[in-house]
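Here are my notes on the model, point by point. Please read them with the structure open.

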Amino acid sequence: MEKSAVFNSSKLLPYALLAPQLVITFVFFYWPASQAVLQSFKREDAFGLVSEFVGLENYQALFAQPEYYKAMLTTLVFSTLVAGLSLSIALLFASQADKNLKAAPAYKTFMIWPYAVAPAVAGVLWFFIFHPSLGTLARPLRGMGLEWNPLLNGNHAMALVVMSAVWKQIAYNFLFFLAGLQSIPKSVIEAGAIDGAGPMRRFWTIVFPLLSPTTFFLLVVNVVYVFFDTFGIIDAVTGGGPAGATTTMVYKVYADGRLGGDLGGSAAQSVVLMVIVIALTAVQFRYVERKVQY
């Protein structure tokens, strides 16, 4: 029989153990979020010294901007590409690392290394690799007839930030996929092989369904990553350009608030972004989790 934990020494001990996490959550999430909601109903000067309550004017002005809808579309394209590619490539690499390879330890180590790189540093690395004048891979691209220039071409800039964000996130997804693959009983896969199922059939009918909890978790994490943690990559590589081609919703919050001095409008954008992410997470738990097999 399983024994449940009983706190006989003190009734306050469970609350004391929870207190540090609750304090951190309140200080770094609930308090800033509440301040952003409050600030979104005000008009402030660029220094935040003088404020005036304006109600919903910031939201009305926000949804009247064509640039904001363009940032929404850019975020949709960017998030779909990054989440889809990073999950697919990481699953491919993890399935190969799960095999009995002689160099498996070194292979796994090299796959994990990019996770230790900060997003801004990852962006700078890829920017120098594909710089139109100095990049080591830009010249071969021009030699193949492609006039590569992410500084002027919006599609090239989007491709560059997508590659940087995918490369940065693959290591994180790889760790969880590999752990999920190693937790699958080998006897189940061997039973499928005995029944005559080929490698691909065994993967899609046995392995992948058993990986569905891991895949669902990574899907939620990757959506949050694309919406928030890719800010450093975009800021270091393109600065939202050229002509706003890589300006996502989170970068527009920074550009309008920090660079443009519109603190109230920036706060309204952050509230809208927070609502969208919460709604997407809720939809994933409501509909996608139905197909997860625990």
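1. Start with helix H9. Its buried residues are Arg202, Phe203, Ile206, Val207 and Pro209. Buried means under 20% relative accessible area, exposed over 50%, and partly exposed in between (1.4 Å probe, protein chains only). Helices (H or I, at least four residues) and strands (E, at least two) are DSSP runs, numbered from the N terminus. The cover over the buried H9 residues includes H3, H7, helix H8 (186–194) and H10. H9 has 12 residues and reaches 15 Å from its first C-alpha to its last, close to the 16 Å expected at 1.5 Å a residue. That expected span is 1.5 Å times one less than the number of residues.

2. A word on the basis. This is a predicted model: local features need pLDDT of at least 70, side-chain atom pairs count only at pLDDT 80 or more, and totals for chains, interfaces and linings use all residues. Residues are numbered from 1 along each chain as its sequence is written, and side-chain values use heavy atoms, leaving out hydrogens and water.

3. Next, the nonpolar cores. A nonpolar core is a set of buried Ala, Val, Leu, Ile, Met, Phe, Trp, Tyr and Cys residues joined through side-chain atoms within 4.5 Å. The largest has 38 residues, of which Phe78, Val82, Leu160, Phe174, Phe177 and Leu211 touch the most other members. Helices that each supply at least two residues of this core include H3, helix H5 (119–129), helix H7 (154–182), helix H9 (199–210) and H12. H7 gives the most, with 12 residues.

4. Look at Phe78. Contact means heavy atoms within 4.5 Å. Leaving aside neighbours within four places in sequence, Phe78 is in contact with Met158, Val161, Val162, Ala165, Val226, Thr230, Ile234 and Thr248. A second, separate core of 12 residues includes Leu62, Val223, Met249 and Val250.

5. Why is helix H12 (residues 249–259) largely enclosed by the rest of the structure? Eight of its 11 residues are buried, so the helix is largely enclosed. Among the buried residues are Met249, Val250, Tyr251 and Gly257. Their cover includes helix H3 (66–97), helix H10 (212–229), helix H11 (231–237) and helix H13 (263–287). Just after H12, Gly261 takes a positive phi of about 75°.

6. H12 also holds a charged pair. Asp256 forms a salt bridge with Lys252, the closest N and O atoms being 3.1 Å apart. A salt bridge is a side-chain nitrogen of Lys or Arg within 4 Å of a carboxyl oxygen of Asp or Glu. The two residues lie four apart in H12, about one turn of the helix. Both Asp256 and Lys252 are buried.

7. The structure holds four salt bridges. Arg43 pairs with Glu57, with the closest N and O atoms 2.7 Å apart. Arg43 lies in strand E1 (residues 42–44) and Glu57 in helix H2 (residues 57–62), so the pair ties together parts that are 14 residues apart in sequence. Arg43 is partly exposed at 41% relative accessible area, and Glu57 is partly exposed at 39%. Arg43, Glu52 and Glu57 are linked in a network of salt bridges.

8. One more salt bridge joins the side chains of Asp98 and Lys186 (3.1 Å, N to O). Asp98 sits in the loop between H3 and helix H4 (104–112), and Lys186 in helix H8, 88 residues apart. Asp98 is partly exposed at 21% relative accessibility. Lys186 is partly exposed at 39%.
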